[in-house]
Amino acid sequence: MIPFNKPYLTGKEMHYMYQAVYSGKISGNGLFTQKCQAYFEKQSGFKKALLTTSCTDALEMSAMLAAIEPGDEVIVPSYTFVSTALAFVRQGAKIIFADSSPVNPNIDADKIEELISPRTRAIVPVHYAGIACDMDKIMALAAKYNLLVIEDAAQAIDSFYKSRPLGSIGHLAAFSFHETKNINSGEGGLLAINDEKLVGRAEIIWEKGTNRSDFSRGVVSKYEWVDTGSSFLPSEINAAYLFAQIEHLEDIQNRRKEIWEQYNKGLQGWASANGIGLPQIPDYATNNAHMFYVVCKDGAQRNRLVEHLKSGEIWAVSHYLSLHRSPYYKGSDRGAELVNSDHYTDCLLRLPLFYELSNEETARIISRICSFAG
Ligand SMILES: *Cc1c(COP(=O)(O)O)cnc(C)c1O
């Protein structure tokens, strides 16, 4: 069976983890954490980068930093992972779910303004499959209505919008290093802070509501409880693992892009003959090869394709279920019809894509798909 995903080991992980363990400093914010953060600040131009134990945690930090209060509204696409909404719901926010674009699963930027009310505080665009949302439109709305923009960049490492790194455009951004992402540390994440005014408070929230970061820099002589917060730092062992992955980012990306291109070339004819959609990348966006997916005509066709692949020993998987219809939130939802979100829920199928997937295996997947009668 060809699996859907296999986390890639560069070979340096254990070496750096060993170094971290024997350095005598294995709690958070040590040398490896600082090396990882410095890399992202330099590479992507974030004002400040803070490693977290997950992207979910980075989103929760964002909700705290945005000072979301009960009754505040936050605009989130319905076609996304639970955490994009949950982080704000925990602060008492009412989620206004937005529809996806007909072109790709990203939030439809032309449909956001009609969702803004006097209670709206933030917009959370999700760069699905690492492909940028239309950020100029979203940032213009944020400026017009004085809203915060928090990019859910969980899948968006090393991807760009009009040459600007994703995660560097909104006021805040959250990345994931979960084992299913392009680079990983098992579980892990990063909060990018682009608005200078939010940096100081972010460090406090990160360090359990204390000014410990200032204390470490020698700015204050003792550290005390000054704000809300939690324990959001990963240990140095996780950061050491991540650093090995960062060092191989270019190699990992090059290989993933090769596989992605092989799929894209190999499936064009089959897709157009069968009325099936392939990923659409707008001119303003780049492709970081996080994911290759197909969009079937309906749910029944997708299920038949899944079975066809399974009987060919290939594991392909669907993705999100529209959050506005979820058991947890549907009672609080405003009840709008989000047809594109529901369409991707029923029809989208992700193909295996991981560093060690060989050209031969990719060719076998393509030929199995092309033998699917529709
Ligand atoms: C993976 C993912 C998350 C959650 O990331 P964790 O690191 O597992 O918390 C959130 N949003 C999106 C869009 C994701 O793909």
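How do the residues of the lining of the largest cavity divide into nonpolar, polar and charged? They split into five nonpolar, four polar and four charged. Keep in mind that this is a predicted model.

**The ligand and its shell**
- The ligand is surrounded by 15 residues, and the closest are Thr56, Asp152, Gln155, Ser176 and Lys181.
- By class, the shell around the ligand comprises five nonpolar, eight polar and two charged residues.
- As for location, the largest pocket is the space that the ligand takes.

- Thr56 places a polar side-chain atom 2.5 Å from an oxygen atom of the ligand.
- For Lys181, a polar side-chain atom lies 3.3 Å from an oxygen atom of the ligand.
- In the side chain of Tyr320, an N or O atom is 3.3 Å from an oxygen atom of the ligand.
- On its own the ligand has 380 Å² of accessible area, and the protein covers 92% of that.

**The largest cavity**
- Rolling a probe the size of a water molecule over the atoms shows where empty space is left.
- In this structure there are two cavities of 30 Å³ or more.
- The largest cavity holds about 70 Å³ of space.
- Its lining is made of 13 residues, with Lys6, Tyr8, Lys181, Asn182 and Arg256 nearest the centre.
- Domain 1 (13-247) and domain 2 (249-370) each supply at least three residues to the lining of the largest cavity.

**The second largest cavity**
- About 50 Å³ of space is found in the second largest cavity.
- Residues lining the second largest cavity include Leu51, Thr52 and Thr53, along with Phe177, Ser185 and Glu187.
- Also part of that lining are Gly188, Gly189, Pro234, Asn238, Ala239 and Leu242.

Definitions and conventions: Residues are numbered from 1 along each chain as its sequence is written. This is a predicted model: local features need pLDDT of at least 70, side-chain atom pairs count only at pLDDT 80 or more; totals for chains, interfaces and linings use all residues. Side-chain values use heavy atoms; hydrogens and water are left out. A residue is near a molecule or strand if one of its heavy atoms lies within 4 Å of it. A polar contact is a pair of N or O atoms within 3.5 Å; within protein, one must be able to donate a hydrogen and the other to accept it, and residues adjacent in sequence count only if both atoms are side-chain atoms. Accessible areas come from the Shrake-Rupley method with a 1.4 Å probe; for residues, only the protein chains shown count as cover. On a 1 Å grid over the protein atoms alone, a cavity is a set of points where a 1.4 Å probe fits but cannot get out, and a pocket is an open set with protein on both sides within 12 Å along at least five of seven lines; lining residues have an atom within 4 Å of a point. A molecule sits in a cavity or pocket if more than half of its atoms lie within 2 Å of its grid points. Ala, Val, Leu, Ile, Met, Phe, Trp, Tyr, Cys and Pro count as nonpolar, Asp, Glu, Lys and Arg as charged, and the others, Gly among them, as polar. Grid points are joined across faces, edges and corners, and a volume is the space filled by probe spheres set on the points. Domain bounds come from an automatic or database domain assignment.
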